[in-house]
Amino acid sequence: MLSIIDQIISRIRASQNKLILSGLFFFVFLAGLMLIGYYLVGGVRSRISQVDADIISRNEKIARLSAQFIELRIQKLFKLGEIYISRPDFQAQIKNKSWQTAVDSIEPIMKEKEGKYIDRIFISDAEGILRSDFPVVQEVRGKDFSFRDWYQGVTRTKQPYLSETYKRTADPQV
């Protein structure tokens, strides 16, 4: 009888060993899958970080090129303005306070290749009072603009000056 009991115990132990081995195999397999998953997720995160860095780098390059383009455009507009206002007839008109004639004489600037970016021209006196403009907006003529950044910058530097942005008084208000 003992031998039957020994056989049963022996089979139970064998089953338990198989079960333990199966559990151990399952644990090792699961740990391996988790390790592979961890490395895959890490790789994906690393790749995402690299793509983000590439996008940021490209955006910075585009921003630098855009800034250079805008700076060049502004320099050309300054030069174009300097050419027109350095003309003796324009200077004489300003000296004689012939404001409308002065604006009329520089209106062709808007037809120049670089002038297509100019949608409004005005002349103010030394005190910042708007004297003449094109296109004509009667409600701004005679108004004091000495509080504007452009007036303060020009009077301070005595040079062409690029002001801060502001909402203009004349329509369209951009």
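Buried means under 20% relative accessible area, exposed over 50%, and partly exposed in between, with a 1.4 Å probe and protein chains only. Keep those cut-offs in mind for the tour below.

This is a predicted model, in which local features need pLDDT of at least 70 and side-chain atom pairs count only at pLDDT 80 or more, while totals for chains, interfaces and linings use all residues. Residues are numbered from 1 along each chain as its sequence is written, and side-chain values use heavy atoms, with hydrogens and water left out.

**The chain as a whole**

The protein chain has four helices and two strands, in the order α-α-α-β-β-α from the N terminus on. Helices (H or I, at least four residues) and strands (E, at least two) are DSSP runs, numbered from the N terminus. The C-alpha trace spans about 135 × 30 × 30 Å along its principal axes. The radius of gyration of the protein chain is 40 Å, whereas a compact globule of 174 residues would have one near 16 Å; this radius is taken over C-alpha atoms, and the globule rule is 2.2 Å times the number of residues to the power 0.38. Of the 174 residues, 18% count as buried.

Most residues other than glycine have a negative phi, and most peptide bonds are trans.

| Residue | Place | Phi | Relative accessibility |

**Around R120**

R120 sits in the loop between α3 (99-106) and β1 (121-124). Is R120 buried or exposed? R120 counts as buried because its relative accessibility is 16%.

Which side chain does the side chain of R120 meet in a polar contact? The partner is the side chain of D133, at 2.8 Å. A polar contact is a pair of N or O atoms within 3.5 Å; within protein, one must be able to donate a hydrogen and the other to accept it, and residues adjacent in sequence count only if both atoms are side-chain atoms. The R120 side chain also reaches the backbone oxygen of P135 at 2.8 Å.

Leaving aside residues up to four places away in sequence, R120 touches several others, including M110, V137, V140, R168 and A170; contact means heavy atoms within 4.5 Å.

P135 itself lies in the loop between β2 (130-134) and α4 (149-157). A cis peptide bond joins F134 and P135, with omega about -10°.
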